[in-house]
Amino acid sequence: MDKYPSDWTRLALRRGSSNTAAARVRSVAKPAIGGGGEAPPAVIAPASRADYQAIKGQLQERLLAEMGDRNLLGSADDVVASAVQEFADRILEDEDLPLNESERGRLAEDLAEETLGIGPLAPLLADPAVTDILVNGPDQVYVERFGRIEKTSIRFRDPEHIVRVIERIAARVGRRIDVSSPMADLRLADGSRVNATLPPVTLDGPTISIRRFGRRRLRRSQLIEFGMMSAEMAQFMEIAVQSRLNVLISGGTGAGKSTLLGALAEVIPAHERVVTIEDTAELVLDQEHVVRMETRPPNLEGRGRITARDLVINCLRMRPDRIIVGEVRGGEALDMLQAMNTGHDGGLTTIHANSPRDALSRLETMVLMAGLDLPSRAIREQMSAAIHLIVHVRRCEDGVRRVETIAEVTGMEGSTPLLQDLFQYRKRGRQNRRLIGDFSATGIVPRVVNELRETGTDVPLSIFQRRTAPEMGTQT
Ligand SMILES: Nc1ncnc2c1ncn2[C@@H]1O[C@H](COP(=O)(O)OP(=O)(O)OP(=O)(O)O)[C@@H](O)[C@H]1O
Ligand SMILES: [Mg+2]
């Protein structure tokens, strides 16, 4: 324990006092726009911009491979920068790349920013199988691949090196991190979500936790293939989303809630105006008509905080057809439920909970966080009127993420919301490391089917027939 306590306090204090002005400048200089370190889009036409990104991506991988071979990835920034410059000069000279003058001019700079921005983590980000990257200290860097956590041989030079990487990531999205706000939710240029902490909140030094997105966006078909759910379950959830039912996805940390939400959002019709609200924008939707909103922490003076609740209230004035709240955590639960109950249906959100029933009780607590002294019965009535389905996902012991239950909220009995299970996952045993089990319908036809039929949506009753669908595939 306490590996760097005295140094750390000093470093943190130094940063806190001397970097204040710089941090403020940074936070206005780089507004949080999705593409991170990209150049102003006005200069390049959309088509060629996509080409440029693709070429840059390929060159980035070659560069990393080359630097890895030369053992340069952990070197000082100036050494890395000159290696990048030399690489860019050589490539531009020797290879006939379809880039225009301005693209050629900024290639080296963009590659350098990409490479230096994430420092020693670059090779991990280049590996598509890596889903999480966890930095606990200079010589403790872990990754999750195929549902398993492994230690890597990646090293930072010292804790200060980790802090530099954190600051670069923060600067790119216009956020700051220092002793006065030692925790930050950030995002990489590819959309991956980053959480960073500094001492004193993490005793042994700075940490970085990255949840990869960009590269590996899992689609519905892949989730079925990986054994997350049966085809019938997927079909039912698709019908639910298309016909604008309100769906709450519950589960523990890293259970696959956001992934499932993203996959279900695929079926939202293209003509709908979608507004997404997240703490760190991680959802990537196919639809074109999407407005992405992101909360903001307070600034250095402690002002300017924008909560998910502010965004939900604001988005109601933006003529949304669909409101997607990435994860409900607090008082926004109230406004979301009210919106769902006043015609803004088709809501999709996730909640951290251990079961569908637990999801409802947590939601109730979150509504109370809005600060209105609402009686518990009124809240429960709102919840059971608003929410149609709760989909519970779990990261099982074998590392596979599965939809464990799909439950329908059918009303209230006394002061308790009623839930009925429509689909379940049942374990039967295990084969080697992997669980063996099956997904099955419980045989109950959801109440909402009648409502859907009235509005002209045909729901094939066969999907609710009680038969077991063996799991497919293995998780990759
Ligand atoms: N069915 C699946 N098969 C394989 N990998 C998956 C599956 N679902 C999710 N993942 C991966 O698991 C990781 C966690 O997923 P996700 O971010 O969706 O979880 P979450 O429940 O939203 O987590 P958090 O509570 O941190 O928000 C991601 O890297 C994602 O790519
Ligand atoms: Mg999530």
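Q: Which residues does Val247 touch, not counting residues up to four places away in sequence?
A: In this predicted model, Val247 belongs to the largest nonpolar core, which has 69 residues, and is listed with Met233, Leu363, Val391 and Ile406 as touching the most other members. Not counting residues up to four places away in sequence, the residues that Val247 touches are Ala240, Val241, Leu348, His388, Leu389 and Val391.

Q: How many residues does the second, separate core hold?
A: Apart from the largest nonpolar core, with its 69 residues, there is a second, separate core, and this one includes Ala122, Leu125, Ile166 and Ile210. The number of residues in that second core is 30.

Q: Which element gives the most to the shell around ligand 1?
A: Thr131, Gly256, Lys257, Ser258 and Thr259 come nearest to ligand 1 out of the 21 residues around it. The elements that give two or more residues to this shell are β1 (130-137), α10 (257-265) and β11 (348-352). With 3 residues, the element that gives the most is α10.

Q: Is Arg219 buried, partly exposed or exposed?
A: Arg219 is found in the loop between β6 (207-211) and α8 (220-225), and, leaving aside neighbours within four places in sequence, Arg219 is in contact with Ala263 and Glu266. Burial would need 20 or more other C-beta atoms within 10 Å, and exposure 12 or fewer. Because Arg219 has 13 such atoms within 10 Å, Arg219 is partly exposed.

Q: What separates the C-alpha atoms of Asp321 and Arg244 in space?
A: Asp321 has its place in the loop between α11 (308-315) and β10 (322-325), and counts as partly exposed because it has 16 C-beta neighbours inside 10 Å. Leaving aside neighbours within four places in sequence, Asp321 is in contact with Glu272, Arg273 and Val274. Although Asp321 and Arg244 are 77 residues apart in sequence, their C-alpha to C-alpha distance is 9.7 Å.

Q: Which strands are the edge strands of the open sheet of 6 strands?
A: The open sheet has the order β3-β2-β1-β6-β5-β4, with antiparallel pairing, and the twist averages 15° from one strand to the next. Because an edge strand pairs on one side only, the strands that qualify are β3 (148-151) and β4 (183-187).

Q: What angle does the direction of helix α7 make with that of β4?
A: Helix α7 (residues 159-172) packs on the sheet, where it touches β1, β4, β5 (193-197) and β6. The direction of α7 makes with that of β4 an angle of about 60°.

Q: In β2, which residue is the bridge partner of Gly137?
A: Strands β1 and β2 run antiparallel and are joined by 6 bridges, and they form a hairpin with 2 residues between them. Val135 has its bridge partner in β2 at Val141, while the partner of Gly137 in β2 is Gln140.

Q: In the hairpin of β2 and β3, which residue takes a positive phi near 50°?
A: Strands β2 and β3 run antiparallel and are joined by 4 bridges, and Tyr142 has its bridge partner in β3 at Lys151. Their hairpin has 2 residues between the strands, and the residue that takes a positive phi near 50° is Phe146.

Definitions and conventions:
Residues are numbered from 1 along each chain as its sequence is written. Chains are lettered from A and ligands numbered from 1 in the order in which they are written. This is a predicted model: local features need pLDDT of at least 70, side-chain atom pairs count only at pLDDT 80 or more; totals for chains, interfaces and linings use all residues. A residue is near a molecule or strand if its C-beta atom, placed from the backbone, lies within 6 Å of it. Two residues are in contact if their C-beta atoms, placed from the backbone, lie within 7 Å. A nonpolar core is a set of buried Ala, Val, Leu, Ile, Met, Phe, Trp, Tyr and Cys residues joined through C-beta atoms within 7 Å. Axes are lines fitted to C-alpha atoms, for helices over the stretch in contact, and angles run from 0 to 180 degrees between N-to-C directions.
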